[in-house]
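Me: Hi! Could you walk me through this one while I have it open?
Reply: Happy to, let's take a look.

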Amino acid sequence: MTSTVREAKRVVLCDDHEIVREAIKARMANSNPVEIVGEASNGRDVVDVVKELEPDVLIIDVELPKRDGIEATKEVLKVRPRTKVIIFTAHAQPDLLALALRAGASGYVLKSAPAEDIARAVKAVTSGGTFLGGDFAGGKPSEVEKLLDLSPRERQILELLAEGLRVKEIAERLQLSPATVHTHVRNAIAKLEVDTRTEAVALAVRFSYLGAGGGAL
């Protein structure tokens with residue numbers, strides 16, 4: 001009879017302060033199964049480190065030399081799409097969270113968070129989920145999670161509504177029928193659990209979640 005051994009999740013750390021990297025390693029020392037396989041101190045070198053080591057997870061700060069963590073996340077995911085990215089930052093700002101998610105990050109952990117949050121985040125993102133810690137200066141993580149459920153087309157239509165276009169104008173611009181636009185709006189309202197399209201647009205604008213680009217479905 002053979003026992004099943006869980007394979008350790010391979011993690012790369014990126015922070016310009018060695019003391020922070022050491023603190024993360026100390027926090028994760030008892031997190032099984034997790035293996036720290038590499039480190040980087042700036043947003044440019046980390047791309048090469050990830051490309052070489054092919055980790056399961058990258059834990060990265062936002063404020064970095066040479067290239068900030070948001071741009072580094074985009075570059076990392078170009079060379080290694082399977083790597084899950086967790087932003088590790090001191091800033092609990094909805095705008096920054098939205099930028100991180102749009103860049104492709106799967107997790108967002110505050111440096112002031114409990115030590116176990118890092119391990120919980122690694123477990124969540126490697127299981128295909130999203131981990132959002134903190135209250136983001138008044139914004140609820142649940143609201144952001146709802147925004148993540150929007151399709152590119154739904155987000156695109158909310159963006160056009162935010163610009164002041166009417167449904168007929170949106171339909172003409174996107175070469176859709178007005179009925180189809182209305183359907184997308186209703187779906188967005190349902191996903192965001194609000195009552196009106198005005199509330200849906202307001203929620204997306206508050207989290208700077210519009211204007212992210214991406215192809216329409």
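**Backbone and sheet**

Reply: Let's start with a loop: glutamate 54 sits between helix 2 (45-53) and strand 3 (57-60). Keep in mind that this is a predicted model.

Me: What about glutamine 175, where does that lie?
Reply: Glutamine 175 is in the loop that runs between helix 8 (167-174) and helix 9 (178-192). Its phi is positive too, near 55°, and it is a residue other than glycine. With 75% relative accessibility, glutamine 175 counts as exposed.

Me: Switching to the sheet: in what order do the strands come?
Reply: The order is 2-1-3-4-5-6, with 6 strands in an open sheet and parallel pairing. Strand 2 (34-40) and strand 6 (131-132) are at the edges; each has a single partner strand, so one side of each lacks a neighbour in the sheet.

Me: How many bridges link strand 4 and strand 5?
Reply: Strand 4 (residues 84-89) pairs with strand 5 (residues 107-110) over 4 bridges, in the parallel sense. Threonine 89 stands opposite leucine 110 of strand 5.

Me: Which strands does helix 4 touch?
Reply: Helix 4 (residues 94-103) packs on the sheet and touches strand 4, strand 5 and strand 6. The direction of helix 4 makes about 145° with that of strand 5.

Note on methods. Residues numbered from 1 in each chain as written. Predicted model: local features only at pLDDT ≥ 70, side-chain atom pairs only at ≥ 80, totals over all residues. Heavy atoms only, no water. Helix = DSSP H or I, 4+ residues; strand = E, 2+ residues; numbered from the N terminus. Buried < 20%, exposed > 50% of the residue type's maximum accessible area, 1.4 Å probe, protein only. Pairing = 2+ DSSP bridges. Contact = heavy atoms within 4.5 Å. Axes fitted to C-alpha atoms, helices over the stretch in contact; angles between N-to-C directions.
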